[in-house]
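Let's go through a chain together and ask what stands behind the words used to describe it. Have a look at the sequence and the model first.

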Amino acid sequence: MSKSVALALVDDDFAGEGTQLCVHIVGVERPARIFAASPYDLGQGDAAMRRNSR
């Protein structure tokens with residue numbers, strides 16, 4: 001997989017599914033997108049991660 005996943009707290013105004021954001025990771029600005037739910041589900045393992053990365 002060539003994508004990174006991060007968790008963040010964002011204001012409600014920016015928390016809509018599909019919202020495009022820029023985040024700073026180790027001083028580098030990177031594009032980010034809001035998912036409706038966590039891309040990882042302990043009950044499904046990697047399956048949820050693969051489904052949300054498409």
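Q: Why is valine 26 called exposed?
A: Exposed means over 50% relative accessible area. Valine 26 has 81% relative accessibility, so valine 26 counts as exposed. Bear in mind that this is a predicted model.

Q: Where is valine 26 found?
A: Valine 26 lies in the loop between strand 1 and strand 2. That hairpin has 2 residues between the strands.

Q: What makes the phi of valine 26 worth a remark?
A: The phi of valine 26 is near 50 degrees, which is a positive value in a residue other than glycine.

Q: Which residue in strand 2 stands opposite glutamine 20?
A: Glutamine 20 faces arginine 33 there.

Q: What makes up the rest of the picture, and in which order do the elements run?
A: The chain holds 1 helix and 2 strands. Starting from the N terminus, the order is β-β-α.

Q: How many residues does the chain have, and what percentage of them is buried?
A: Of the 54 residues in the chain, 9% are buried, a word that stands for under 20% relative accessible area. As for the surface, the chain exposes about 4800 Å², and carbon and sulfur atoms supply 52% of that area.

Methods. Residues are numbered from 1 along each chain as its sequence is written. This is a predicted model: local features need pLDDT of at least 70, side-chain atom pairs count only at pLDDT 80 or more; totals for chains, interfaces and linings use all residues. Side-chain values use heavy atoms; hydrogens and water are left out. Two strands pair if DSSP finds at least two bridges between them. Helices (H or I, at least four residues) and strands (E, at least two) are DSSP runs, numbered from the N terminus. Buried means under 20% relative accessible area, exposed over 50%, partly exposed in between (1.4 Å probe, protein chains only). Accessible areas come from the Shrake-Rupley method with a 1.4 Å probe; for residues, only the protein chains shown count as cover.
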